[in-house]
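Work through the exercises below with the coordinates open. Each task is followed by a solution in steps.

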There are 2 protein chains.
Amino acid sequence: MSLSFESLVAGALTAVVGQDEINALLINSLVEKARTRPHPWSTRYPYICWTGLTDRTYDARLLPAYPYPEVDAPKTRRPPIQDVVQLFEEPTGQQRECPKSTCLFPAFAQYLTDGFIRTRVSNPAPFHTFDDDRRRTTSNHDIDLSPLYGRTEAQTNVLRVKDPGPGQKGRLKSQLIKKEEFPLYLFDQNGKMDPQFADASGAAVLDWPLGLKEGAPGKATIFAVGGDRANANPQVAMINTLFLREHNRLAGLLEKRFGAWDDERIFQTARNVVIVMFIKIVVEEYINHINTSLFKFIANPQVAWHAKWNRPNWMTAEFGLLYRWHSLIPENFVLDGKTVNGVSLVLDNSLLINTGLANTFVDISANNAAELGLQNSPSFLWQIEANSVQQARTNNISTFNAYREAMSMDRVASFEELVGESDDEPENDRRRQLARRLEELYGDIDNLEFYVGLFAEPRVKNGPLPELLMAMVAMDAFSQALTNPLLSEHVYGDPGNRELAFTDLGLQEIEATTCLKDILARNSSGLGDRFVGMTRQDWHRE
Amino acid sequence: MSLSFESLVAGALTAVVGQDEINALLINSLVEKARTRPHPWSTRYPYICWTGLTDRTYDARLLPAYPYPEVDAPKTRRPPIQDVVQLFEEPTGQQRECPKSTCLFPAFAQYLTDGFIRTRVSNPAPFHTFDDDRRRTTSNHDIDLSPLYGRTEAQTNVLRVKDPGPGQKGRLKSQLIKKEEFPLYLFDQNGKMDPQFADASGAAVLDWPLGLKEGAPGKATIFAVGGDRANANPQVAMINTLFLREHNRLAGLLEKRFGAWDDERIFQTARNVVIVMFIKIVVEEYINHINTSLFKFIANPQVAWHAKWNRPNWMTAEFGLLYRWHSLIPENFVLDGKTVNGVSLVLDNSLLINTGLANTFVDISANNAAELGLQNSPSFLWQIEANSVQQARTNNISTFNAYREAMSMDRVASFEELVGESDDEPENDRRRQLARRLEELYGDIDNLEFYVGLFAEPRVKNGPLPELLMAMVAMDAFSQALTNPLLSEHVYGDPGNRELAFTDLGLQEIEATTCLKDILARNSSGLGDRFVGMTRQDWHRE
């Protein structure tokens, strides 16, 4: 979306051919920067085979394993992990700020991607046990709001109100705390899992909240939700709570309107509406925040109906790495009038519960994000960076320059070119030192690892992301969101089926929604005209 | 493929634009006769919803459930099953013969479709137990040769040679009987399952041979294979045995050529080659046998790469019904010089084992198929017809005329028009009586059930199938075969990846194969120049 030229052209063309046509033109050009799906490779085998092409419990890959076992790869270099991790650490206690983004941006990015970028990590008993395997995934490979609804039907079932009476049909389980609606708690006051979330044998149906330790101070505030990361911090739990309320609100409207419908149909129809509403926000609020051009993308699924990139989604190993935007997260937040360290928010929903949903959205929107890049991650996420570097190596991810080339970009010629220049002299010093350190570690720019290179590039003007990262995010976002089954030519594109799937009521609600604030306003009280958004109010084009 | 006009045009055009272009033109026109995938409906819910759009353990559907619960459907009529089944019964002991097809045609059709048309029926212990559910499927929805390789990876694993030494890498388990290679037997001489096909707990990994009863005379001859229908009769077992031999032959060639490869890579590469070889036969031998035109289709996957119908395969409930070609099967066969009743062949491989593979292929090719249509099914399949009629009703399949319309055909106006006229007076009498009987049962042509109407239409000239059936077979065959993951733009369409996936050796073997006889010749001895084929040697255009 580095569209300075394209945005000029777009401006001129809009008058002639209309916004839908420009929208289609730009989206196609962004998606077709690299080879589109189906991917011939997965993380399972270093060669092409039936199992690799069909076993979706492994990640797909944009580029084959590198070094490919039978090919000489003299330039491969993997410096010690601890040296690489140091590149991510913000050393001074003074993180660089992102001029464009509030903390609602990383909160939404995390909630969105936790739904489908799902490296397989272990689940302790009585929760269903997986072995850790960083080549594998528990993803459904679709934007299905699994953090809200669960990733399996069994999970969905324990999250739904059972045998609902009138006024409860189609609803997700919830509780009122200080007159506000939240998900139920997962654990009772003794720290034992509520048995309604277990199967007949007593085994948990939901996934274990990732990283939660026994005796953790926030354990009593953990919600029973679809996603194992939807309690990761109150920013994420807040977005999940918002969509839970919206689901239940819509179910209520549908129950009133369609008196003869049963629980199942109300649930399914409300979910249809919520998923499409969510995708609309992904494109029209989130992607447009990332977008550096003047053109505003619209969530028109027609673009995808006959596109050659309309092939089944299959999350790639590369996509699972490039979305690790730890450096956007500030070391400290100001929340509810107090400065709190980010680490104190982890796996603890008490701030959200005490402050309330509207206030938390306002607070998060009032905190500025840090700038995405090396040497800017908060201290409590450094260990996670090490896992990421290791995950890339486990999957034999190719080099940074190989990905630039795969995305139709020029290879970067030197470490100096990689880090770029800044008008600001201290910043320029930092970059020059960084380039030297990278050179010490990697020797040759063509040795540079993908994961490090992604974040070594400078943030592009007018956007929150560096260049290669932005291009890959745009490609994946459009090609995965607009190909959603609910948006297909024969559902959303067929007027009769569209009305059957969503109802006229649901379609009006979708129409009336372009941003999170729209949903928040109808699901909370006391929001007033306070600011809620991903783009800082003081942002101006660079 | 009722292409009398199109074939004329094709003839004229071929000179100008070439066979590939005509091939693409015709295939697109055949596939686009109806709404293409993705299907908005499945057999799970009568409305459109996320679960319906994603749960592939249910069949998709071309048309929604009928009667749709909220729509008046005054014309629905379901005569008693026993009356409907009588329509299928051949009453005189003199089946009508198909002028075009040998019994190799239904044998291949059965083997092909048993791989992906897989209604979920029960499996007794110690075999993994399913409940019968005729709305559900155990299909992988792809042409993956699951009758040979199994439909799950666990099944594949027990069918492969374990810890192979040199000369055994990548092979499927097999045994020599009278110097010929066959699969292993599933049961020992006491009728107990060979424990190598069970998991650690003693539960069978393979599926129970469908319909096999304890104490059945053929039980000792049942092979351990991937598919629960691949022992259904020696015709089907013969085709499975052919591909087992071809797999092992290719694995041997690959092992010799690529000495450094491990078991896994040899297995996977041989399977890649065999699957594509199989698809080539589907198009170039099988579909061209069904084809009524002079034009010969070629298995050029390029047609599908950018086609709007290139969407994930998902078997439909309609497809699972229309492939029940029981009336092609003669009541009696002449095999190994003796007349045998068809029922004696069921679940008994002794004839295949005793006669040998080449001789059985020759024998089956020397038996003519019966003509597909009502009043022509052999007595031992009448009960199966009842199951089919019931399955259609369980799934609320719409009417025959609704499907004509969905396939861009005129609705049939009367029962007389439905059954058509014949030059042969006794045949004409039969048809007129049939039309009267249908009218008694259904009253109005618009009430006629899909499954009955399919087989009430007369066989089209120059082909083995009636009109609507042929159109639906063509649509599904091309749109499912050419979209195979191995044939994708980025595997088969990319010269480098094609060679990695298949090797030059494998590609040469694919190139050298256009019919079953090609494969048989290299995997048997004593075939000589005897006839093996789906099209009768005495066939001439009508």
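**Exercise 1: the interface**

In this predicted model, 30 residues of chain A are in contact with 30 residues of chain B. Determine which helices of chain A each supply at least two residues of the side that touches chain B, and describe that side by residue class.

Solution. Step 1: the helices are H3 (50-54), H9 (263-290) and H20 (495-511) of chain A. Step 2: H9(A) gives the largest share, six residues. Step 3: sorted by class, this side of chain A holds 15 nonpolar, nine polar and six charged residues.

**Exercise 2: one residue**

Locate Lys178(B) and decide whether Lys178(B) is buried or exposed.

Solution. Step 1: Lys178(B) sits in the loop between strands E6 (175-177) and E7 (180-182) of chain B. Step 2: 8 other C-beta atoms lie within 10 Å of Lys178(B). Step 3: a residue is exposed if that count is 12 or fewer, so Lys178(B) is exposed. Step 4: Asn354(B) is 176 residues from Lys178(B) in sequence, yet their C-alpha atoms are 8.4 Å apart.

**Exercise 3: confidence**

State the confidence values for chain A and the complex.

Solution. Step 1: chain A has a mean pLDDT of 94, with 94% of its residues at 70 or more. Step 2: the complex has an ipTM of 0.94 and a pTM of 0.95 from the predictor.

Notes: Residues numbered from 1 in each chain as written. Chains lettered and ligands numbered in written order. Predicted model: local features only at pLDDT ≥ 70, side-chain atom pairs only at ≥ 80, totals over all residues. Contact = placed C-beta atoms within 7 Å. Helix = DSSP H or I, 4+ residues; strand = E, 2+ residues; numbered from the N terminus. Nonpolar A, V, L, I, M, F, W, Y, C, P; charged D, E, K, R; others polar. pLDDT = per-residue confidence, 0-100. Buried ≥ 20, exposed ≤ 12 C-beta atoms within 10 Å, placed from the backbone.
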